[in-house]
Amino acid sequence: MAMLTRRTLLKGALVAGAYVGGIGLAGRFGGLASAQAATTLVARPGEAMITDTGPTRGIMTYGDAEVPPILRMRRGEAFALRLDNRLDEPTTVHWHGLRIDNRMDGVPFLTQPYVYGGDGFDYAFTPPDAGTFWYHPHCNTLEQMGRGLAGVIVVEDPADPVFDAEIVLNLRDWRLGGDGQFIAQFKPRDAARAGTFGTVRTANWRQSPQYDAPAGGLVRLRLAATDVTRILTLQIEGAEAEVIALDGNPAATRFALDHLMIGPGQRLDIALRMPDTEGAVATLKDLRGTKPATLATFRAVGTSLKRAIGDLPALAANPLPEPDLSAATEIPFILSASAEERPKDGICGSLGYNFWAINRVPWADDSGDPTAPLAEMKAGKTYIFNVKNPTPQVHPLHLHGLAFRPMNSSKQAIRPHFSDTYLILPDEKVQLALVADNPGDWVFHCHIIEHQKTGMTSYVRVT
Ligand code: C2O
Ligand code: CU
C-alpha cells in the first residue's frame, strides 16, 4: 500500500527534484548488493534553474539531474559507490552522521587522499543506523557546498513504520545576485560573526515548492539543513506535526514541532498529518530572523485517509552504545575567537584567516600537517565532552564517526536522543556523552562552514 502510494507520488505529484537520479532508484528497488555496488556518483560542474532570471551558471552537483540524488541505503546492508570526480578541483565525500569505517570518512589527509579532477575513489561501507543523513565534500567546502554539493541520505529499516507518503527536503540557500549568478561566498567580517548568509532560500533547489500528499494521510517528512550558514527555527502551520527523530536517531518520545531550532548539518524526521480537506495546504516555515520564510508547502489530495499520528508505532531503535556514566572520563573543549591572517595556499581552499579555535588551537586546515588530536580515547570507553561556548555566536558542533548523547545543558532543555551535531548557544555549557567505539581520527568541527574553515575544527583519536 505505502509502496504504491509512494510510487504514485514518485511519478506524479512531487515536483521534479524530490526523487531524481538513478542512484536513489537503484538503492531503493535494487534487491541485490551487487546492484548497489555498481553505482557511480559523478561530481560535476553544471547549471541549474534556481531563480526565474534564467539558469545559474557555475553550479556543482552530483549525478545526472540538477539536484544531487537522494542516496537510499538499508540499515545493516553493504553499500558501495564510486565517486567519479569530473570537477576541475580535488574533492572527497563525507557521509555525515554515518558511523562507518574511518577510511571511508572522506577527510583529506586524515582519512584519505584528495580525489583530483579526473580521478575516482571507491567508498564501501555498511550503515549501522537507520534514519536521515546527508553527504557532502570535505575539501574546498565553502565553495563546493555553496555551489550545490550536498545531498540527502535515507537509510531505511525494514521495521520502519509505514507512512502514506514520504517527502525528503534538502534545505539550503544560495548566494546569488539579482541576475541569478553567484556572488562571493565569503565575507571576512561576517565569517568572524554568524557567517555569510545566502540570498535565495530553497527546498530541493526550488523556492517554496509545493508537494501533494494524501488528505488525512501520514507523511514522513525528512528534513536536512544542508546550508553552509543558516540556522532555522522550524514550524509547520495548517497541520499537526510531530518530531519523530533528531539527527537521524529516534526521539525518546515524539513531540509537537514548535519553534525547533536546527543548525547546518542537522536533520529532523517529522510525522506530518495532512489536513482532511482536499486542497488544504500545510506550510513549513522558518521563523528565525525578522521575516518568516515559507520553505515548502504540502497540499492535501483525494478523500481523507483519516489517519492519526497516535496510531504510528515508535521508530525502531538504532544499535547505539549507551554511555556508562559511572566510568566516564571528562574532556574539556572550549570554543573561542581568534584573529590572524594565514597563507591562502591550501589545496582544499584556505580562506586566508583564522577567526576561531577549539581549545585555543585553530585548525591547520589542509596544510598537510594537521595539529595533534585534541584528545585520545580508548576504544570501548565512555567519555564526556564538556563543551563551553563563551563566544557570542551559535555553533552547530559536529563529530564524525561517533554518536553522542547531549546531557546537562546550562541553557537548554535536552530531549534524550543520540546525535552527531549539537547546536550550542552563546554562553552555554553542555555535556556530550559517548562511547568511543569506532577507531580512527574523527573530525570535530563547527558546521557553519566559514567557522570550520577559519579555525573551528579539530579532531579526536580513538585507538
Ligand atoms: Cu557534515 Cu565534517 O561534516
Ligand atoms: Cu560556528
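This is a predicted model: local features need pLDDT of at least 70, side-chain atom pairs count only at pLDDT 80 or more; totals for chains, interfaces and linings use all residues.
**Ground rules.** I number residues from 1 along each chain as written, letter chains from A and number ligands from 1 in written order. I take local features at pLDDT of at least 70 and side-chain atom pairs at 80 or more, with totals for chains, interfaces and linings using all residues, and side-chain values from heavy atoms, without hydrogens and water.

**Copper.** I looked up the protein donors (N, O and S atoms within 2.8 Å of the metal, or 3.2 Å for Na, K and Ca; water is not among the atoms). For the copper ion (ligand 2) I found His 395 (ND1), Cys 446 (SG) and His 451 (ND1), at 2.0 to 2.1 Å. Their spacing along the chain reads H-x50-C-x4-H. His 395 sits in strand β24 (residues 395-399) and His 451 in helix α6 (residues 449-453), 56 residues apart.

**Cores.** I count a nonpolar core as buried Ala, Val, Leu, Ile, Met, Phe, Trp, Tyr and Cys residues joined through side-chain atoms within 4.5 Å. The largest has 41 residues; Phe 333, Met 377 and Val 460 are among those with the most contacts inside it. A second, separate core of 34 residues includes Ala 165, Leu 284, Leu 295 and Ala 300. I then checked Val 460 for contacts (heavy atoms within 4.5 Å). Beyond four places in sequence, its partners include Phe 385, Leu 399, Asp 441 and Trp 442.

Note on methods. Helices (H or I, at least four residues) and strands (E, at least two) are DSSP runs, numbered from the N terminus. Buried means under 20% relative accessible area, exposed over 50%, partly exposed in between (1.4 Å probe, protein chains only).
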